[in-house]
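Please walk through the strands, salt bridges and surface of this protein model. Short sections follow, each on one topic.

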Amino acid sequence: GLDAEVILVDDGSTDGTVRMVEERYMPLYPNLRLVRQRNAGQGAARNRGLHEARGRYVYMMDQDDLLVPGVLAEHVGVIEREGADVVRFRFDTPAPEDVARLMECDAPAGAAEVTSRLSGREYVVETRGLHDATPVWTAVFGREFALEHGVEFDPRVRFYEDMVFMWRLVLAARLIVTTGCVGYHWIQYPA
């Protein structure tokens, strides 16, 4: 398994989330750390998590989606083997009625076969101007790499804040490795 810290940034919630995390999850997961801040938006919360992180690599996900079991360990292995700044994987968009079945799945993600090795600038050309590169939840990246290059979320951007962050991350990267592995389930809930 992967020795990972999990940072949950509470961005000023008022719905009982903090109590639930403290009572239900923190006793079960000693690697879970709760960081609280006044409401400042998703970008500011993600920046806080990035600065609070102690690990070598960072991964960020949304609270209402699912990560495929084993995918982070596999992709940390890829980033280390390849010497990359960023490693990316694919995602799918299952129907909300499939969530219960997906949550019961405990199978590992499978082999993360490398499909491309590109510099940041080459990646922009290959991905049609980063159209496919915007979700932050498809990337594992070096924490020091991001911090040294000043890559952060712009807290003024309230929608598609991933796009600005990922453009900065990709353009700073010396090497981005992509795998064919589907590692994330982006759940599209009805409005």
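## Salt bridges

Glu82 and Arg117 join their side chains in a salt bridge, 2.7 Å from N to O. Glu82 counts as partly exposed because its relative accessibility is 23%. Here buried means under 20% relative accessible area, exposed means over 50%, and partly exposed is in between (1.4 Å probe, protein chains only). A salt bridge is a side-chain nitrogen of Lys or Arg within 4 Å of a carboxyl oxygen of Asp or Glu. By this rule the count is eleven salt bridges. Helices (H or I, at least four residues) and strands (E, at least two) are DSSP runs, numbered from the N terminus.

The model is predicted: local features need pLDDT of at least 70, side-chain atom pairs count only at pLDDT 80 or more, and totals for chains, interfaces and linings use all residues. Residues are numbered from 1 along each chain as its sequence is written, and side-chain values use heavy atoms, with hydrogens and water left out.

## Pairs within α2 and beyond

Arg48 and Glu52 form a salt bridge at 3.1 Å, N to O. They are four residues apart in helix α2, so about one helical turn separates them. Arg48 is partly exposed, at 29% relative accessibility. Glu52 is partly exposed too, at 25%.

Another salt bridge joins Arg156 to Asp154, at 2.7 Å, N to O. Arg156 is exposed, with a relative accessible area of 71%, whereas Asp154 is buried at 12%. Elsewhere, salt bridges with shared partners link Glu5, Arg33, Arg48 and Glu52 into one network.

## Strand pairing

Two strands pair if DSSP finds at least two bridges between them. Strand β1 (residues 6–11) and strand β2 (residues 32–37) run parallel and are joined by six bridges. Val9 sits opposite Val35 in β2. With helix α1 (residues 17–25), β1 and β2 make a right-handed β-α-β unit. Right-handed means that, with the strands pointing away from the viewer, the path from the first strand over the helix to the second runs clockwise.

Which strands pair with β8? Strand β5 (residues 86–92) runs parallel to β8, with six bridges. Val86 faces Ile176 in that pair. β6 pairs with β8 in the antiparallel sense over four bridges, and Ser116 stands opposite Thr178. Strand β4 (residues 66–67) is also antiparallel to β8, with two bridges. There, Leu66 stands opposite His185. β8 itself (residues 176–185) is mostly covered, with eight of its ten residues buried.

## Buried positions

Is Val140 buried or exposed? It is buried, because its relative accessibility is 2%. Val140 lies in strand β7 (residues 139–142). Contact means heavy atoms within 4.5 Å. Leaving out residues up to four places away in sequence, Val140 touches several residues, including Tyr57, Leu72, His75, Ile79 and Phe89. Val140 and Arg88 are 52 residues apart in sequence, and their C-alpha atoms are 6.5 Å apart.

Asn47 is in helix α2 (residues 42–52). Asn47 is buried, with a relative accessible area of 9%. Beyond neighbours within four places in sequence, Asn47 contacts Glu152, Phe153 and Pro155.

## The α6–α7 loop and the surface

Tyr160 sits in the loop between α6 (143–148) and α7 (161–172). Tyr160 has a positive phi of about 55°, although it is not a glycine. Most residues other than glycine have a negative phi. Tyr160 counts as exposed because its relative accessibility is 67%. His149 is in the loop between α6 and α7. His149 is partly exposed, at 45% relative accessible area.

Phe159, Tyr160, Met163, Trp167 and Leu171 form a nonpolar surface patch, with about 590 Å² of accessible area together. Patches are made of residues with over 30% relative accessible area and no salt bridge; like charges are joined within 9 Å, and nonpolar side chains (Val, Leu, Ile, Met, Phe, Trp, Tyr) within 5 Å. Accessible areas come from the Shrake-Rupley method with a 1.4 Å probe; for residues, only the protein chains shown count as cover.
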